[in-house]
Amino acid sequence: MATTQAREPAPGSLQLVQKFINSNEMPDGVDELRTTSLAAQWLHAATGADLAISARDLDRLIATREALRDLLEAHSGENVDPDVAVRLQKLLGHAPLLPIVSAKGATLAVDCQGVDSFLGLISAAIVEATLMGTWERFKVCRSDICRWAFYDRSKNGRSCWCSMRACGSRDKARSYRARQRAGAAQQPG
């Protein structure tokens, strides 16, 4: 969706999570992870890692991407089933993180191989964003047909659409027409 990509990318390592979620352009766009070979190409472009991707790995990647998308709906005020977080934790749980401590502080490093190494990067990015206070501003578009991941840089942090010009305007126009129809239905005829 060209109009949604105009937003400035998410900060820091959240940018990788954003690219991962947006690897499937909904509803009818290209899913860059639709095959094992395309997923391997995407992972190489995103991380520089050459990973062999099995069908099972592909299923895990897609399940993780969609669970992240579902979880981020909460940041736009939607009610999210608690099972989404449980499912995501299970998907990311095979990617152990190792604390690396120095005099300057600590960071988390991925301590595994294969697809789990990528999922570990996703986990570390979520932890980093949580600690930096940027996680809550990372959202998915409220439009059911879009669900594009974006970083909310608005002053009050209350954006809920990837683009006011595209999805926001369509949603507001739909709501207006529904109110007009409801009003007309209540008029005595």
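Phe 20, Trp 42 and Phe 118 form one aromatic cluster. Rings of Phe, Tyr and Trp (its six-membered ring) are taken as a pair if their centres lie within 6.5 Å; planes under 30 degrees apart count as stacked, over 60 as edge-to-face and the rest as tilted. The model is predicted, so local features need pLDDT of at least 70 and side-chain atom pairs count only at pLDDT 80 or more, while totals for chains, interfaces and linings use all residues. Residues are numbered from 1 along each chain as its sequence is written, and side-chain values use heavy atoms, with hydrogens and water left out.

The protein chain has six helices and four strands. Helices (H or I, at least four residues) and strands (E, at least two) are DSSP runs, numbered from the N terminus. From that end on, the order of the elements is α-α-α-α-β-β-α-β-β-α. Buried residues (under 20% relative accessible area; exposed is over 50% and partly exposed in between, with a 1.4 Å probe and protein chains only) make up 38% of the 189 residues in the chain. Contact means heavy atoms within 4.5 Å. Among contacts between residues at least 6 apart in sequence, 53% join residues at least 24 apart.

The structure holds four aromatic pairs. One of them, Phe 20 with Trp 42, is tilted, at 6.0 Å centre to centre and 45° between the planes. This pair links distant parts of the chain, with Phe 20 in helix 1 and Trp 42 in helix 2, 22 residues apart. The rings of Phe 20 and Phe 118 have centres 5.0 Å apart and planes at 75°, so this pair is edge-to-face. Phe 118 belongs to helix 5 and stands 98 residues from Phe 20 in helix 1. Both Phe 20 and Trp 42 are buried, and both Phe 20 and Phe 118 are buried. Beyond its neighbours within four places in sequence, Phe 118 is in contact with Leu 16, Phe 20, Trp 42, Leu 43, Thr 47 and Leu 61.

A nonpolar core is a set of buried Ala, Val, Leu, Ile, Met, Phe, Trp, Tyr and Cys residues joined through side-chain atoms within 4.5 Å. The largest such core has 35 residues, and those with the most contacts inside it are Ile 53, Leu 61, Leu 68, Phe 118, Ile 122 and Phe 138. Two or more residues come from each of helix 1, helix 2, helix 3, helix 4, helix 5, strand 3 and strand 4 (149-151). Helix 5 gives the most to this core, with seven residues. A second, separate core of six residues includes Cys 141, Phe 150, Cys 162 and Cys 167.

Helix 3 (residues 55-72) has 18 residues and reaches 26 Å from its first C-alpha to its last, close to the 26 Å expected; the expected span is 1.5 Å times one less than the number of residues. Its buried residues include Asp 57, Leu 61, Arg 65, Leu 68 and Leu 72. The buried residues of helix 3 pack against helix 1 (14-21), helix 2 (36-47), helix 4 (82-92), helix 5 (115-132) and strand 3 (138-140).

Ser 76 lies in the loop between helix 3 and helix 4. At 8% relative accessibility, Ser 76 counts as buried. Not counting residues up to four places away in sequence, Ser 76 touches Lys 139, Val 140, Arg 142, Ser 159 and Cys 160.
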